[in-house]
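User: I am new to this structure. Please walk me through it.

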Amino acid sequence: MTKRSPEPLLWLLFSAGGMAAALLVPVLLFLFGIAFPLGWLPAPDHPHLLSVLRHPVTKAILLALCVLCLFHWAHRFRYTLYDGLQLKRLSKLINVLCYGGAVLGSVAAGCVLFRV
């Protein structure tokens with residue numbers, strides 16, 4: 001019997017996180033970091049933005065974005081430590097720290113999102 005590796009799932013999360021980060025994060029940064037503060041677009045008022053954030057679909061999408069971006073970071077950082085710094089001898093510790101950090105960050109994002 002061969003031992004199954006979680007590697008395909010991790011690569012799936014890596015690629016999905018990269019795609020989500022490349023498509024959604026720049027739009028959010030442009031809107032909330034440039035367009036609204038500079039007055040290029042009319043900023044949503046606080047009650048409207050709060051009602052959008054309280055909708056369960058919005059919470060699910062933001063949570064998915066956070067989770068995927070965190071797992072993308074974890075996988076990229078893991079391989080940076082492996083290949084860039086040649087730390088393959090510490091692979092178990094690196095795996096626990098990288099993916100554990102992504103899981104903890106995901107739980108924290110879920111707590112923040114679902115508390116609003």
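This is a predicted model: local features need pLDDT of at least 70, side-chain atom pairs count only at pLDDT 80 or more; totals for chains, interfaces and linings use all residues.

Analyst: Residues are numbered from 1 along each chain as its sequence is written, and side-chain values use heavy atoms, with hydrogens and water left out.

User: What is the mean pLDDT of the protein?

Analyst: pLDDT is the predictor's confidence in each residue, from 0 to 100. In this protein, 99% of the residues reach 70 or more. The mean is 90.

User: In which helix is confidence highest?

Analyst: Helices are DSSP runs of H or I, at least four residues long, and strands are runs of E, at least two; both are numbered from the N terminus. Confidence is lowest in helix H1 (residues 7-23), at a mean of 87.

User: How many helices and strands does the protein have?

Analyst: Along the sequence the pattern reads α-α-α-α-α. The count is five helices and zero strands.

User: What is the radius of gyration of the protein?

Analyst: The radius is taken over C-alpha atoms, and the globule rule is 2.2 Å times the number of residues to the power 0.38. For 116 residues that rule gives 13 Å. The protein is well over this, so it is more spread out than a compact globule. Its C-alpha trace spans about 55 × 25 × 20 Å along the principal axes. The radius of gyration is 18 Å.

User: Which residues make up the largest nonpolar core?

Analyst: A nonpolar core is a set of buried Ala, Val, Leu, Ile, Met, Phe, Trp, Tyr and Cys residues joined through side-chain atoms within 4.5 Å. Buried means under 20% relative accessible area, exposed over 50%, partly exposed in between, with a 1.4 Å probe and protein chains only. The largest core has ten residues: Leu10, Phe71, Ala74, Leu81, Tyr82, Leu87, Ile94, Cys98, Tyr99 and Ala102.

User: Which residues does Leu81 contact, leaving aside neighbours within four places in sequence?

Analyst: Contact means heavy atoms within 4.5 Å. Leu81 belongs to the largest nonpolar core. Its partners are Gln86, Leu87 and Ile94.

User: Is Arg78 buried or exposed?

Analyst: Arg78 sits in helix H4. Beyond four places in sequence, Arg78 touches Glu7, Leu10, Ile94, Asn95, Cys98 and Tyr99. Its relative accessibility is 7%, so Arg78 counts as buried.

User: Which backbone atoms does the side chain of His72 reach?

Analyst: His72 lies in helix H4 and is buried, at 14% relative accessibility. A polar contact is a pair of N or O atoms within 3.5 Å; within protein, one must be able to donate a hydrogen and the other to accept it, and residues adjacent in sequence count only if both atoms are side-chain atoms. At 2.8 Å the side chain of His72 meets the backbone oxygen of Phe14. At 3.2 Å it meets the backbone nitrogen of Gly18.

User: Is Leu85 buried or exposed?

Analyst: Leu85 is in the loop between H4 and H5. Its relative accessible area is 53%, so Leu85 is exposed.

User: Which residues does Ala35 touch, not counting those up to four places away in sequence?

Analyst: Ala35 is part of helix H2. At 0% relative accessibility, Ala35 is buried. The residues touched are Phe30, Trp40 and Leu41.
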